[in-house]
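Work through the following exercises with the sequence and the 3D structure open beside you. Try each task before you read its solution.

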Amino acid sequence: MLDHAIVEAFRESMIGLMKLLNEETALLKKREFKTLDKLQARKRQLSITYDKHQTAMRNHPEVLDDVPDDERAELRDLYQRFRCALSDNMLALRSSHDAAERVVSLIMESVRKQRGINADTPTFGKTRTGYAAYAPLAQPTAAVSKSL
């Protein structure tokens, strides 16, 4: 009975996380970013639960020996659907991130043009970040010896 409880807990955690991943993917595709914050805490909680149950399954692989063949096939199918949902979610997250990066790059380029910063100018030394990245480069100071 304990063996069946391990398998069932793993199955339920996978179903719960898969539903949330599908919901998050749909929101990302609709670009409804404001509602994503509400899902993050639940996603973290479900991920931890899934990891706990997956670890229990890996630590006790013998529990699958008592699972009937038809249930084992359903479990394989469920795991395959879970992996697809996870993959779709990762792609949606990555494309949203890339789109945000492109927007930020366009804004930075526009601000640099307005302030007369030439992107082709080679920079030496420390990379400028924050507000300094938007300011024109300071003119290099030349060392002059008054004794000459």
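This is a predicted model: local features need pLDDT of at least 70, side-chain atom pairs count only at pLDDT 80 or more; totals for chains, interfaces and linings use all residues.

**Exercise 1. What percentage of the residues in the protein chain is buried?**

Residues are numbered from 1 along each chain as its sequence is written, and side-chain values use heavy atoms, with hydrogens and water left out.

Step 1. Apply the term to the 148 residues of the protein chain, of which 23% are buried.

**Exercise 2. Classify Thr-25, Arg-31, Asp-51 and Tyr-50 as buried, partly exposed or exposed.**

Step 1. Thr-25 lies in helix H1 and counts as buried because its relative accessibility is 6%. Leaving out residues up to four places away in sequence, Thr-25 touches Asp-88, Asn-89 and Ala-92.

Step 2. Arg-31 sits in the loop between H1 and H2, and its relative accessibility of 61% is why Arg-31 counts as exposed. The phi of Arg-31 is near 65 degrees, which is a positive value in a residue other than glycine. For background, most residues other than glycine have a negative phi.

Step 3. Asp-51 belongs to helix H2 and is partly exposed, because its relative accessible area is 44%. Its C-alpha atom is separated by 9.4 Å from that of Met-14, although Asp-51 and Met-14 are 37 residues apart along the chain.

Step 4. Tyr-50 is also found in helix H2, and Tyr-50 is buried because its relative accessible area is 9%. Setting aside neighbours within four places in sequence, Tyr-50 is in contact with Phe-10, Ser-13, Met-14, Leu-17, Tyr-79 and Phe-82.

**Exercise 3. At what angle do the axes of H2 and H3 cross, and which residues meet?**

Step 1. Two packed helices are described by the angle between their axes and the distance between the axes. Axes are lines fitted to C-alpha atoms, for helices over the stretch in contact, and angles run from 0 to 180 degrees between N-to-C directions.

Step 2. The axes of H2 and H3 come within 15 Å and cross at roughly 145 degrees.

Step 3. On the H2 side the contact involves Lys-43, Tyr-50 and Gln-54, which meet Tyr-79, Phe-82, Asn-89 and Leu-93 in H3. These contact residues divide into four nonpolar, two polar and one charged, where Ala, Val, Leu, Ile, Met, Phe, Trp, Tyr, Cys and Pro count as nonpolar, Asp, Glu, Lys and Arg as charged, and the others, Gly among them, as polar.

**Exercise 4. Which helix gives the most to the lining of the second largest pocket?**

Step 1. A pocket is an open set of points on a 1 Å grid over the protein atoms alone, where a 1.4 Å probe fits, with protein on both sides within 12 Å along at least five of seven lines, and lining residues have an atom within 4 Å of a point.

Step 2. The lining includes Phe-10, Met-14, Gln-54 and Tyr-79, and H3 gives the most to it, with four residues.

Definitions and conventions: Helices (H or I, at least four residues) and strands (E, at least two) are DSSP runs, numbered from the N terminus. Contact means heavy atoms within 4.5 Å. Buried means under 20% relative accessible area, exposed over 50%, partly exposed in between (1.4 Å probe, protein chains only).
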